[in-house]
Amino acid sequence: MAIELHFTKGQGTGNDFVLFSDPDGEVSLTPTQIASLCDRHFGIGADGLIRAVRSVNIDAGAASLAEDEAAEWFMDYRNADGSVAEMCGNGIRVFSKFLLENGMATLEAGDTLVVGTRSGVVDVQRNLTGFQADLGRWRLDGGEPLVRARGLQVARPGLGINVGNPHVVVALLDEAELESLDLTFIPQIDPEPADGANVEFVVPLEPMVRNGVGHIRMRVHERGSGETLSCGTGAVAAALAIRYWAGAGAPNQWRVEVAGGAVGVRMYATEDGEHVALSGPAELVFEGDVTLA
Ligand SMILES: N[C@@H](CCC[C@H](N)C(=O)O)C(=O)O
């Protein structure tokens, strides 16, 4: 049976998404249908697809509601190839904007919108750049694998970091080396993580620290989507990796430049350990209707 979808296209620093509302959890898209919607030549075109479903109406939502019963809405995120991802940092800001613009939630300045995700609940607040999302605790995960990428002469050591989803961050020498990468080819990680990983290539900008804020630039190859103009969780992982390598005294606040703009990353202490927050813009671009065979 054909599926009729009313969708919204949105973006955050050029990381773009197809969003639709399915409050009762009635729409189940196959990976092939998702990939065709996200296809930039034969479909709407996007880095990922986001379904807004009430947490009570999706199996994965039970854990979110157990963590915080205020998590009415769940962000069901899929990569452009139809694979499931646990978290999307740019996506959660765009998702929040989608909920607000469609009257599905309210968020006054200073208030918190609690969103369910596969990596736990995420607290979203408005801020001067658009929205800030608290991604919670992060962890080193995946060791220091070697990464090979088209454009790099030799394999480079990476650092595995999980911020809800898996990342491997690789430091490069300079911006020329960053520009020389050809990320139309998937970077090879050795040993290969069982569930794959997003790979960020990062360089410090000069001077790196200005008024207590660290400045870096990155490019990213996203698991399941290819090179994107921005990856929010990738920016968070990149800032955490650079701070880790820089050692004591490195800043807890970062500006991460990506091809689609810049996002902010802030690490701060809480009672339950260090949290990391991501901030940046979110825009809804257009709406439309599509029929899926
Ligand atoms: N673009 C996102 C990350 C989306 C998921 C990622 N590709 C994965 O598979 O983990 C972001 O802004 O964080």
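Asparagine 198 is located in strand S13, which spans residues 198-210. In this predicted model, asparagine 198 has 25 other C-beta atoms within 10 Å and is therefore buried, since 20 or more such atoms are required for that assignment. Leaving aside residues up to four places away in sequence, asparagine 198 touches Asn165, Pro166, His167, Val220, His221, Glu222, Arg223, Cys231 and Gly234.

Asparagine 15, in turn, lies in strand S2. With 33 other C-beta atoms within 10 Å, asparagine 15 is likewise buried. Its contacts, again not counting residues up to four places away in sequence, are Asp47, Asn90, Thr228, Leu229, Ser230, Cys231, Gly232 and Gly260. An unreviewed UniProt entry lists both asparagines under "binding site", together with Asn79, Gly89, Asn90, Asn165, Glu222, Arg223, Gly232 and Thr233.

Strand S2 (15-21) also takes part in covering helix H1. In this helix, residues 31-38, the buried residues are Ile34, Ala35, Leu37 and Cys38. They cover an arc of only 160 degrees around the axis, so they lie on the same side of H1. Besides S2, the cover of these residues includes strand S3 (48-54), strand S4 (73-79) and strand S19 (283-292).

These elements belong to a protein chain with five helices and 19 strands. Of its 293 residues, 43% are buried. Among contacts with a separation of 6 or more, 67% join residues 24 or more positions apart. Along the principal axes, the C-alpha atoms fill a box of roughly 50 × 45 × 30 Å.

How values were computed: Residues are numbered from 1 along each chain as its sequence is written. This is a predicted model: local features need pLDDT of at least 70, side-chain atom pairs count only at pLDDT 80 or more; totals for chains, interfaces and linings use all residues. Helices (H or I, at least four residues) and strands (E, at least two) are DSSP runs, numbered from the N terminus. A residue is buried if 20 or more other C-beta atoms lie within 10 Å of its own, exposed if 12 or fewer, and partly exposed in between; C-beta atoms are placed from the backbone. Two residues are in contact if their C-beta atoms, placed from the backbone, lie within 7 Å. The arc is that of the directions from the helix axis to the C-beta atoms. UniProt positions are given in the numbering used here, feature names are shortened, and annotations may be inferred rather than shown by experiment.
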